[in-house]
Amino acid sequence: QVQVVESGGGLVQAGGSLRLSCEASGSSSSINAMGWYRQAPGKQRELVAAITSAGSTNYADFVKGRFTISRDNARNTVNLQMNGLQPGDTAVYYCRADLFWGLGQIEYWGKGTLVTVSS
């Protein structure tokens with residue numbers, strides 16, 4: 001059974017940094033894209049950053065220049081280095097892994113890790 005597990009959330013002051021980590025395990029299928037999404041109270045879940053197995057990245061405009069996504073394909077892990085955090089970044093951050101399955105893909109989500117940025 002595939003498991004996606006995040007870690008690294010917590011409380012940080014504005015201007016501070018956090019590093020989120022995520023590991024996908026339990027499948028022999030290859031993983032295509034992995035990414036980070038976030039959901040703030042009362043808002044919809046939104047993309048933060050994503051990275052393909054080839055290393056191509058995609059960032060939301062609101063994190064460009066502040067967050068960096070990286071990946072270790074051998075370990076099926078993805079990290080999100082978050083610098084210059086602001087109160088508006090407060091949210092539950094979710095990891096997503098897209099596994100190849102036949103001719104398509106199946107997406108798996110973690111349970112999320114809370115990031116709280118105080119002013």
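Is strand β4 (residues 31-39) largely enclosed by the rest of the structure or exposed, and how many of its nine residues are buried? In this predicted model, eight of the nine residues of β4 are buried, so the strand is largely enclosed by the rest of the structure.

**Pairing of strand β4**
- Strand β4 runs antiparallel to strand β9 (residues 91-101), and seven bridges join the two.
- Within this pairing, tryptophan 36 stands opposite cysteine 95 in β9.
- Strand β5 (residues 46-51) is also antiparallel to β4, to which it is joined by five bridges.
- In that pairing, glycine 35 is found opposite alanine 50 of β5.
- A hairpin is formed by β4 and β5, with six residues between them. Glycine 42, located in the turn, has a positive phi of about 80°.

**Disulfide**
- The structure contains one disulfide. It is formed by cysteine 22 and cysteine 95, whose sulfur atoms are 2.0 Å apart.
- The torsion about the S-S bond of cysteine 22 and cysteine 95 is about -80°, and the disulfide is therefore left-handed.
- This pair links distant parts of the chain: cysteine 22 belongs to strand β3 (residues 18-25) and cysteine 95 to strand β9, with the two 73 residues apart.
- Both cysteine 22 and cysteine 95 are buried.

**Aromatic pair**
- The count of aromatic pairs comes to one. The pair consists of tyrosine 37 and tryptophan 109, with ring centres 4.9 Å apart and planes at 65°; because an angle over 60 degrees counts as edge-to-face, the pair falls in that class.
- Distant parts of the chain are linked by this pair as well, since tyrosine 37 lies in strand β4 and tryptophan 109 in strand β10 (residues 104-109), 72 residues apart.
- Tyrosine 37 has 17% relative accessibility and therefore counts as buried, the cut-off being under 20%.
- Tryptophan 109, by contrast, has a relative accessible area of 29% and is partly exposed.

**Cavity**
- One cavity of 30 Å³ or more is present in the structure.
- The volume of the largest cavity is about 40 Å³.
- Residues lining the largest cavity include Val2, Ala24, Ser25, Gly26 and Ser27. Ser29, Ile31, Asn76 and Leu99 are also among them.
- By class, the lining of the largest cavity comprises four nonpolar and five polar residues, with no charged residues.

Terms used
Residues numbered from 1 in each chain as written. Predicted model: local features only at pLDDT ≥ 70, side-chain atom pairs only at ≥ 80, totals over all residues. Heavy atoms only, no water. Buried < 20%, exposed > 50% of the residue type's maximum accessible area, 1.4 Å probe, protein only. Helix = DSSP H or I, 4+ residues; strand = E, 2+ residues; numbered from the N terminus. Pairing = 2+ DSSP bridges. Disulfide = S-S within 2.5 Å. 1 Å grid on protein atoms, 1.4 Å probe; cavity = no way out; pocket = protein on both sides within 12 Å on 5 of 7 lines; lining within 4 Å. Points joined across faces, edges and corners; volume = space filled by probe spheres on them. Nonpolar A, V, L, I, M, F, W, Y, C, P; charged D, E, K, R; others polar. Phe/Tyr/Trp six-rings, centres within 6.5 Å; stacked < 30°, edge-to-face > 60°.
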